[in-house]
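Student: I have a structure to go through and I'd like to learn how to read it. Can we take it feature by feature?

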Amino acid sequence: MAERAPDRLVRLLGIVAFLNRHESVPVAELATTFGVSARQILEDVDTLWVSGTPGYQHSDLIDFDAEAHDRGVVRLTESRGLTRPLRLGTREGVALIAALRALRDLLGSALPIEQAEVVDSTLEALTAAVGDASGAVDVHLATDGRPDVQAAVQSALVSGHRLRLEYVNAADVTSGRDVDPIRLVTGDAHTYLQAWCLRARDERLFRLDRVLSADVLEELVEPHPVPAEPGSEVFRPEASAEQVHITLSARARWVAEQVPVDAVQELPDGDFRISLRVADGTWLRHLIAQVAADVRAVEPVQYALDVAETAERALAAYGALPPA
Amino acid sequence: MPTTIPPTERLLDLVIALVNTPNRMTKAQIRRSVAGYDAAASVEAFERMFERDKDALRELGIPIETVTDAAHGDDVGYRVDLDAYALSPIELTPAQHGVLSLAARFWQDHSLARDASRALTKLSAVTSGPGSEESVAVLAPRARAGGDAFLPLLDAIQHAQAVTFGYRAASTGEERVRTVEPWRLVASRGGWYLVGRDRDRAEARAFRLTRMTSAPAAVGSRRAFGVPADLDPRALIDSHHGGAEQLAVLAVRPERAGALRARAVPPTDGAGPEDLRFAAIAESVGRDLLRVPYRAVTRMAEELSGYGDAALVLGPTELRTAVLQRLGAAAGLSSLAEEPASGASDG
């Protein structure tokens, strides 16, 4: 995708401001600083070189040292007044500050002191630059999961060690897995550990509040082919799974929000019908049982009948309890 | 519309021209002399192009001032105010720059990701050298912000301006328009919340962003309210979830209900007579005794009824009653087999 003009403009202005403060800078160093390729930096320099004040004669233009340029070094000789670094927009500052706070929160006490200090000092400098608005967004993500699990996960992430997890899935099946942790991901409803599962030989998301125990192993994590972005599709069951429709009354609205549904159809009187794909029947039966009083219809109906039978068994088990 | 000068270069030349102009530049001067604008086919095309560019620059934080000149009547001119332009004087170390590079990749949402990455580019200009991400040796965590409502709410918070939005209450499913003075956006308990003052109820409330049924729209004037100094957003969100924490006492079949076991807390020291009685009941039916914290009875009962006979509630009574009610309702689902399900026809 082509870069948007405003984003490139911000970098062009940033490069001039940076070069105002640094005498001669190798192209490679500029590329690292601004997070783009060396080729992009050369294109940016070419663009700057032909820009300037109206008239656009040689003396009107931004200028660089041509000899240095031939050696792969950028030296600014005329900035045409663009000497100052551009201020942060409030939203820009808030987005970065909230992210930094979350970073500190999620990695918590697991960071070595000198790294934690860098995060804190960065946060301080940025908060000062943004001012009053910096508190508008408050990110507090590390709420899921047992404290000992959180601590182990954080420590493994920071130190790059393999983890042994005891994990219970949505179908209430517990298993042990060795994983190489990648990062923590906060979705709309839960915090997940994104990790390479050695048993599945694939990337998996583990819901933090379903991790029963986590032990940091001696082994260091190995490199794995991991996609850069955890896509939203990882939260959804595969498309080949069975299609199920459930009609619910308005009170069970949260289902449409919290369950990955394919479609929601609004019906009269606030009723609604969700369509979803289910790879795991146990999970679906859990869901139906949770909202039983608000269930109007289930297709296929067998799922509802299974739930009714399970409930009968549970009622019988309650009946068999000795009186309290 | 064919232009010989790409938009980035036109914007750059406009900034340079407006920074360097001794007093101001009128639109006519800009059209005549700034590279890229001469390509506009007509006055109207130029006006559209210039308005768009002005908005784009202001969006980036470049303050374009309007200067009217008394000697020239209504004639409007423009310039860039260098003092307002500049970042407050900070200097980042390479390590700090590395941390910011990580933080900039935190947001998965497109618009926030762009804001953060633009901020990083601006801050790169005041770095003493390229940062090393090794400084925090871990891949950045990621988060998604609360959907389309997030940015309008953020803007309203910054302007201290009230918002209205449709909101569907979780408990009743009822949808109603709310007018709220927005104070903070908070990510907590697995979701995004707006914390603010509900004007109709005249009290502080937390609103879950996913339950908003229409995009928040700003209403009334800016700087219309202040945020309480003693604001405790977490407490508001907790009360949104049903108040104080309680302990469910459960008799759980061995090796079942792992997710509940993960949240269980150890028994408190010095078990009272009630604890001993619960322990005895669980043991008599060959089950483990678990204590699991919860806040909202409704939510907890929904979850527990999903476990069927794997997890039985011994206390508190309120929770046990709620679960038994749900099990009764679930047992009633057997009637769906006899009736033709409503909405089942595909016609």
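**Reading the two chains**

Student: Where do I start with chain B: what share of its contacts with a separation of 6 or more joins residues 24 or more positions apart?

Tutor: Two residues are in contact if their C-beta atoms, placed from the backbone, lie within 7 Å. In chain B, 65% of the contacts with a separation of 6 or more link residues 24 or more positions apart. Keep in mind that this is a predicted model, where local features need pLDDT of at least 70, side-chain atom pairs count only at pLDDT 80 or more, and totals for chains, interfaces and linings use all residues. Residues are numbered from 1 along each chain as its sequence is written, and chains are lettered from A and ligands numbered from 1 in the order in which they are written.

Student: How many helices and strands does chain B have?

Tutor: Helices (H or I, at least four residues) and strands (E, at least two) are DSSP runs, numbered from the N terminus. Chain B has twelve helices and twelve strands.

Student: And where is confidence lowest in chain B, and where highest?

Tutor: Read pLDDT as the predictor's confidence in each residue, from 0 to 100. Chain B averages 83, and 86% of its residues score at least 70. The lowest mean, 70, falls in β4(B), while strand β9 (residues 217-219) of chain B has the highest, 95. Over residues 341-347 of chain B, pLDDT stays under 50, and the model has 13 contacts there beyond four places in sequence. For the complex, the predictor gives an ipTM of 0.71 and a pTM of 0.72.

Student: Which strands of the two chains pair, and in what sense?

Tutor: Two strands pair if DSSP finds at least two bridges between them. Here strand β7 (residues 174-186) of chain A runs parallel to strand β4 (residues 142-143) of chain B, over two bridges. Thr186(A) has Ala143(B) as its bridge partner in β4(B).

Student: What about burial: how much of helix α5 of chain B is covered?

Tutor: A residue is buried if 20 or more other C-beta atoms lie within 10 Å of its own, exposed if 12 or fewer, and partly exposed in between. Helix α5 (residues 94-103) of chain B has nine of its ten residues buried, among them His97(B) and Leu100(B). Those buried residues pack against α5 and α6 (113-130) of chain A, along with α6 (110-124) of chain B.

Student: Which residues have the most contacts inside the largest nonpolar core?

Tutor: In soluble globular proteins, nonpolar side chains tend to be buried together. A nonpolar core is a set of buried Ala, Val, Leu, Ile, Met, Phe, Trp, Tyr and Cys residues joined through C-beta atoms within 7 Å. The largest has 170 residues, with Leu96(A), Ala99(A), Ile288(A) and Leu250(B) making the most contacts inside it. Helix α5 (residues 90-107) of chain A supplies the largest share, eleven residues. Beyond its neighbours within four places in sequence, Leu250(B) touches residues including Leu260(B), Leu290(B) and Val313(B).
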